[in-house]
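Thanks for coming. I have one chain to show today, and I will go through its layout, its confidence and a few residues.

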Amino acid sequence: MLEKLYSSTNILEKALNGTWTRNKIISQNISNVNTPNYKRKEVVFEDYLKQELYENKQRLVTTNEKHIKGLGMKTEFVPKIIEDKSTSYRFDGNNVNIDTESAELSKNVIMHDALVRQITDEYEKVKNAIIEGSK
């Protein structure tokens, strides 16, 4: 049972890391809104997590210590930061739109909070199982 808990919280933890990184990058974009020639950055991680989940379903399940090791979820996960080098309508070369960044920040905060609640619920289930099992 604990393996299922750790595999589900593992992917949620990776998503949390992605939203946290995105939050930092959006904040950086907002703080550089008036910096000449600054190009906005964005964080991409959802597609990588989807691919990870798909690949994880294709891997072998080990039920014995003699089975092949290392076929579980990958431990390394780094959200990808991409610089948007598109041209700007501003004369100073900056392509940050404060309204867009504010909306993205709000959307990201909602996503981050939902992930935190989901992880909390996972551990709450384990806590309840332990409490009920001790009765």
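First, a word on terms: a helix here is a DSSP run of H or I at least four residues long, and helices are numbered from the N terminus. In that sense I11 lies in helix α1. Please keep in mind that this is a predicted model.

Let me stay with I11 for a moment. Is I11 buried or exposed? Its relative accessibility is 14%, and buried means under 20%, so I11 counts as buried. The C-alpha atom of I11 is separated by 8.8 Å from that of E52, although the two residues are 41 residues apart along the chain.

Now the layout. The chain has three helices and two strands, and along the sequence they follow the pattern α-β-α-β-α. Of the contacts in the chain with a separation of 6 or more, 77% are between residues 24 or more positions apart. Buried residues are 29% of the 135 in the chain.

On confidence: the average pLDDT of the chain is 83, and 79% of the residues score at least 70. Which element has the lowest mean pLDDT? That is helix α2, residues 46-58, at 75, while strand β1, residues 41-44, has the highest, at 95. As a reminder, where pLDDT is low, the predicted coordinates should not be read in detail.

Next, the loop between α1 and β1, which is where N37 lies. N37 is not a glycine, yet it has a positive phi of about 65 degrees. With a relative accessibility of 58%, N37 counts as exposed.

Last, the second largest pocket. It holds about 170 Å³ of space. Which elements each supply at least two residues of its lining? They are α1 (2-31), β1 and α3 (98-133). Helix α3 gives the most, with four residues. The lining includes R22, I26, R40, K41, E42 and V43. Also part of the lining are E46, E104, K107, N108 and M111. By class, seven of the lining residues are charged, three are nonpolar and one is polar.

Methods
Residues numbered from 1 in each chain as written. Predicted model: local features only at pLDDT ≥ 70, side-chain atom pairs only at ≥ 80, totals over all residues. Heavy atoms only, no water. Buried < 20%, exposed > 50% of the residue type's maximum accessible area, 1.4 Å probe, protein only. Contact = heavy atoms within 4.5 Å. pLDDT = per-residue confidence, 0-100. 1 Å grid on protein atoms, 1.4 Å probe; cavity = no way out; pocket = protein on both sides within 12 Å on 5 of 7 lines; lining within 4 Å. Points joined across faces, edges and corners; volume = space filled by probe spheres on them. Nonpolar A, V, L, I, M, F, W, Y, C, P; charged D, E, K, R; others polar.
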